[in-house]
Amino acid sequence: MAIQERERLGISVAEAAAETGVSESTIYTMFHAGKLPFARRLGHRIILHRQKFAEWLEGEAKSENG
């Protein structure tokens with residue numbers, strides 16, 4: 001199976017921002033504050049683990065709604 005046929009495990013900050021409506025600067029700020037343990041720097045890019053990011057977002061939404 002070619003890589004293009006599978007869902008990618010990582011997403012860029014720009015992709016995460018577009019999918020969630022959160023600004024890129026907010027994601028960068030959270031990364032630098034150590035609040036995104038599922039994100040890694042690869043060279044000059046920051047890559048977020050797609051599934052863990054989705055789970056984290058879901059958990060954050062639940063905690064806000066109590």
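Q: What does the accessible surface of the protein chain come to, and what share belongs to carbon and sulfur atoms?
A: The accessible surface is about 5000 Å². Carbon and sulfur atoms hold 53% of that area. Keep in mind that this is a predicted model.

Q: OK, and how much of the chain counts as buried?
A: The chain has 66 residues, and 23% of them count as buried.

Q: Which helices and strands am I looking at, and in what pattern?
A: There are three helices and three strands. Going along the sequence, the pattern reads β-α-α-β-β-α.

Q: Which residues make up the largest nonpolar core?
A: That core has 12 residues in all: Ile11, Val13, Ala16, Ala17, Ile27, Phe31, Leu36, Phe38, Ala39, Ile46, Leu48 and Phe53. Two or more residues each come from α1 (13-20), α2 (24-32) and β3 (45-49). The largest share is from α1, which gives three residues.

Q: Why would nonpolar side chains be together like that?
A: In soluble globular proteins, nonpolar side chains tend to be buried together.

Q: Let's pick one core member. What is isoleucine 11 in contact with?
A: Leaving aside neighbours within four places in sequence, isoleucine 11 is in contact with Ala16, Glu19, Ile46, Ile47, Leu48, Arg50 and Phe53.

Q: And serine 12, buried or exposed?
A: Serine 12 is buried, because its relative accessibility is 12% and the cut-off for buried is under 20%. This serine sits in strand β1, residues 10-12. If you skip residues up to four places away in sequence, serine 12 touches Arg45, Ile46, Ile47 and Leu48.

Q: Switching to helices. How do α1 and α2 pack?
A: Their axes are 9 Å apart, and the packing angle is about 120°. The two helices are therefore oblique to each other. Their crossing is right-handed. On the α1 side the contact is made by Val13, Ala14, Ala16 and Ala17, and on the α2 side by Glu24, Ile27 and Tyr28.

Q: Where does leucine 36 lie?
A: Leucine 36 is in the loop between α2 and β2 (39-42). It's buried, with a relative accessible area of 5%.

Q: What does leucine 36 touch, not counting residues up to four places away in sequence?
A: Leucine 36 touches Ile27, Met30, Phe31, Leu48 and Trp56.

Q: You mentioned Met30. Where is methionine 30 found, then?
A: Methionine 30 is in helix α2. At 21% relative accessibility, this methionine counts as partly exposed, because buried means under 20%. Beyond residues up to four places away in sequence, methionine 30 touches Lys35, Leu36 and Trp56.

Q: Last one: what about leucine 57, and where is its place?
A: Leucine 57 is in helix α3, residues 50-65. With 28% relative accessibility, leucine 57 counts as partly exposed. The C-alpha atoms of leucine 57 and threonine 20 are separated by 8.9 Å, although the two are 37 residues apart along the chain.

Note on methods. Residues are numbered from 1 along each chain as its sequence is written. This is a predicted model: local features need pLDDT of at least 70, side-chain atom pairs count only at pLDDT 80 or more; totals for chains, interfaces and linings use all residues. Side-chain values use heavy atoms; hydrogens and water are left out. Helices (H or I, at least four residues) and strands (E, at least two) are DSSP runs, numbered from the N terminus. Buried means under 20% relative accessible area, exposed over 50%, partly exposed in between (1.4 Å probe, protein chains only). Accessible areas come from the Shrake-Rupley method with a 1.4 Å probe; for residues, only the protein chains shown count as cover. A nonpolar core is a set of buried Ala, Val, Leu, Ile, Met, Phe, Trp, Tyr and Cys residues joined through side-chain atoms within 4.5 Å. Contact means heavy atoms within 4.5 Å. Axes are lines fitted to C-alpha atoms, for helices over the stretch in contact, and angles run from 0 to 180 degrees between N-to-C directions. Angles under 35 degrees count as roughly parallel, over 145 as roughly antiparallel, 65 to 115 as roughly perpendicular and the rest as oblique. A crossing is left-handed if the near helix is turned anticlockwise from the far one by less than a right angle, and right-handed if clockwise.
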